Amino acid sequence: AGDVVLQKVAAKITKMIRPEDIFARYGGEEFVIIMRDAKSQNAKRLCEMIREGIEGLVIPYEDQEIKVTASMGFSTLTEKTVDYLELVTEADKHLYRSKKGGRNCISGPD
């Protein structure tokens with residue numbers, strides 16, 4: 001069932017991003033989206049749209065329907081960002097803030 005859920009969630013996200021965005025699986029059930037020329041407000045808006053889209057999914061599997069939610073963290077490139085690892089570390093920090101904050105929410109730079 002986990003593989004089916006990951007496939008359906010990935011398909012939903014793929015439909016919601018721009019063709020020039022890069023979407024990839026980053027870990028077991030973690031994904032990353034790299035958006036070119038996106039301000040923090042745009043990243044936040046996209047995360048919220050994706051979160052709502054995932055929350056609205058009903059995934060049929062065998063004789064049941066599976067509902068899932070998503071916790072997200074995002075970061076944006078700034079003049080202060082040293083390298084991509086810092087960017088990913090920052091997003092990861094925000095992700096864990098979302099998970100601690102009750103899940104099914106997004107967190108990013110204030």
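1. On a 1 Å grid over the protein atoms alone, a pocket is an open set of points where a 1.4 Å probe fits, with protein on both sides within 12 Å along at least five of seven lines; lining residues have an atom within 4 Å of a point. The second largest pocket here is lined by Ser-40, Ser-75, Thr-76, Thr-78, Lys-80, Thr-81, Glu-86, Leu-87, Glu-90 and Pro-109.

2. The model is predicted: local features need pLDDT of at least 70, side-chain atom pairs count only at pLDDT 80 or more, and totals for chains, interfaces and linings use all residues. Residues are numbered from 1 along each chain as its sequence is written, and side-chain values use heavy atoms, without hydrogens or water.

3. Helix H3 supplies the largest share of its lining, three residues. Helices are DSSP runs of H or I, at least four residues; strands are runs of E, at least two. The lining has two nonpolar, five polar and three charged residues. Ala, Val, Leu, Ile, Met, Phe, Trp, Tyr, Cys and Pro count as nonpolar, Asp, Glu, Lys and Arg as charged, and the others, Gly among them, as polar.

4. The largest pocket has a volume of about 1400 Å³. Of its 40 lining residues, Phe-31, Val-32, Ile-33, Met-72 and Gly-73 are the closest to the centre. H3 (84–100) is one of the elements that each supply at least two lining residues. H3 gives the most, seven. By class, the lining has 27 nonpolar, six polar and seven charged residues.

5. Helices H1 (residues 2–16) and H2 (residues 40–55) pack at about 140°, axes 10 Å apart. Axes are lines fitted to C-alpha atoms over the stretch in contact; angles run from 0 to 180 degrees between N-to-C directions. H1 is therefore oblique to H2. Angles under 35 degrees count as roughly parallel, over 145 as roughly antiparallel, 65 to 115 as roughly perpendicular and the rest as oblique.

Terms used
Points joined across faces, edges and corners; volume = space filled by probe spheres on them.
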